Amino acid sequence: MKKLLVFGLALVFGSPLYGQINNDEMQMFQTMFGLAKKEIVAEFVKIDGPKNDAFWKLYDEYEGNRKQLGQKRFVVLNNYVKNYTKLTAAETDEIMEDVILLTTSQDKLIARYYKKIKKQISITTAAQFYQIEWYLQSQIRTNILESIPMISELEKKSN
C-alpha cells in the first residue's frame with residue numbers, strides 16, 4: 001500500500017508543478033486526492049458507533065481548511081518552479097518565507113484538529129488522525145522536494 005500511496009501522491013502533486021495548470025484543473029486534482037485520501041484515512045482510523053459521524057464531520061471540516069492551504073502552497077511552489085532560474089535573492093527569500101508560513105500553518109491545523117477530535121471523539125482516534133495526517137503530509141513534502149529544482153545559483157547571485 002505504501003508504494004501505491006507514494007505513486008498516487010507523485011501523480012497528484014509532482015506532475016502539476018511542471019505544467020501550466022488552471023484553477024479548474026487544480027481543484028480537480030485536489031478533489032481526486034481528497035477522495036482517495038479519505039479512503040486511506042478510513043482504512044487507518046476505525047471508529048464504531050455514533051462517534052463515526054462526528055469524526056467525519058470534523059475530518060471534512062479539516063480537509064476544507066487543508067485544501068485551502070494546499071492551493072496556496074501550489075501557487076507558491078509553481079511560482080518557484082516557473083521562475084527559479086531568474087529569481088533574485090529577495091524573491092527567493094519571499095518564496096521561502098511563504099513556504100515556511102504555509103508549513104507552519106499546516107502543522108498548526110493538524111494540531112488544532114487533533115485537539116478537537118480528542119475532545120469530541122477520543123484520544124486514540126485523535127492520535128490515529130494525527131499519525132496518518134503527519135505521514136501523508138510528510139510524503140507530500142518529500143515528493144515536492146524531490147520534484148522541484150534545488151536552489152543552487154542563489155549564492156552566486158547574492159555575492
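Helices (H or I, at least four residues) and strands (E, at least two) are here DSSP runs, numbered from the N terminus. The model is predicted, so local features need pLDDT of at least 70 and side-chain atom pairs count only at pLDDT 80 or more, while totals for chains, interfaces and linings use all residues. Residues are numbered from 1 along each chain as its sequence is written, and side-chain values use heavy atoms, with hydrogens and water left out.

**Whole chain**

The protein has 6 helices and 0 strands, in the order α-α-α-α-α-α along the sequence. Of its 159 residues, 35% count as buried; buried means under 20% relative accessible area, exposed over 50%, and partly exposed in between (1.4 Å probe, protein chains only). Contact means heavy atoms within 4.5 Å. Among contacts between residues at least 6 apart in sequence, 77% join residues at least 24 apart.

**Confidence**

Colour by pLDDT, the predictor's confidence in each residue, from 0 to 100. The mean for the protein is 78, and 73% of its residues reach 70 or more. Which helix has the lowest confidence, and which the highest? Helix α1 (residues 2-14) is lowest, at a mean of 41, and α4 is highest, at 94. Now select residues 1-26: the pLDDT there is below 50, and beyond near neighbours in sequence this stretch has 45 contacts in the model. Where pLDDT is low, the predicted coordinates should not be read in detail.

**Helices α3 and α4**

Select residues 51-83 for helix α3 and residues 89-120 for helix α4. Two packed helices are described by the angle between their axes and the distance between the axes. Axes are lines fitted to C-alpha atoms, for helices over the stretch in contact, and angles run from 0 to 180 degrees between N-to-C directions. For α3 and α4 the angle is about 180° and the axes are 10 Å apart. The two helices are therefore roughly antiparallel to each other. Angles over 145 degrees count as roughly antiparallel, under 35 as roughly parallel, 65 to 115 as roughly perpendicular and the rest as oblique.

By class, the contact of α3 with α4 has 14 nonpolar, 5 polar and 8 charged residues. Here Ala, Val, Leu, Ile, Met, Phe, Trp, Tyr, Cys and Pro count as nonpolar, Asp, Glu, Lys and Arg as charged, and the others, Gly among them, as polar.

Next select V76, which is in helix α3. V76 is buried, with a relative accessible area of 13%. Leaving aside neighbours within four places in sequence, V76 is in contact with I95, D98, V99 and L102. Draw a distance from V76 to M96, 20 residues apart along the chain: their C-alpha atoms are separated by 9.0 Å.

Then go to N52, also placed in helix α3. N52 is partly exposed, at 25% relative accessible area. The C-alpha atoms of N52 and I121 are separated by 8.4 Å, although the two are 69 residues apart along the chain.

**Salt bridges**

A salt bridge is a side-chain nitrogen of Lys or Arg within 4 Å of a carboxyl oxygen of Asp or Glu.

- Select D60 and K38, whose side chains meet at 2.8 Å, N to O. D60 is in helix α3 and K38 in helix α2 (residues 23-44), 22 residues apart. Both are partly exposed, D60 at 39% and K38 at 28%.
- Select K116 and E61, with the closest N and O atoms 3.0 Å apart. K116 sits in helix α4 and E61 in helix α3, 55 residues apart. K116 is partly exposed at 28%, and E61 is partly exposed at 34%.
- Select R66 and E63, with the closest N and O atoms 2.8 Å apart. Both lie in helix α3, 3 residues apart, about one turn of the helix. Are they buried or exposed? R66 is buried at 3%, and E63 is buried at 6%.

**Q137**

Q137 is buried, at 1% relative accessibility. Not counting residues up to four places away in sequence, Q137 touches R66, R73, Q106 and I110.
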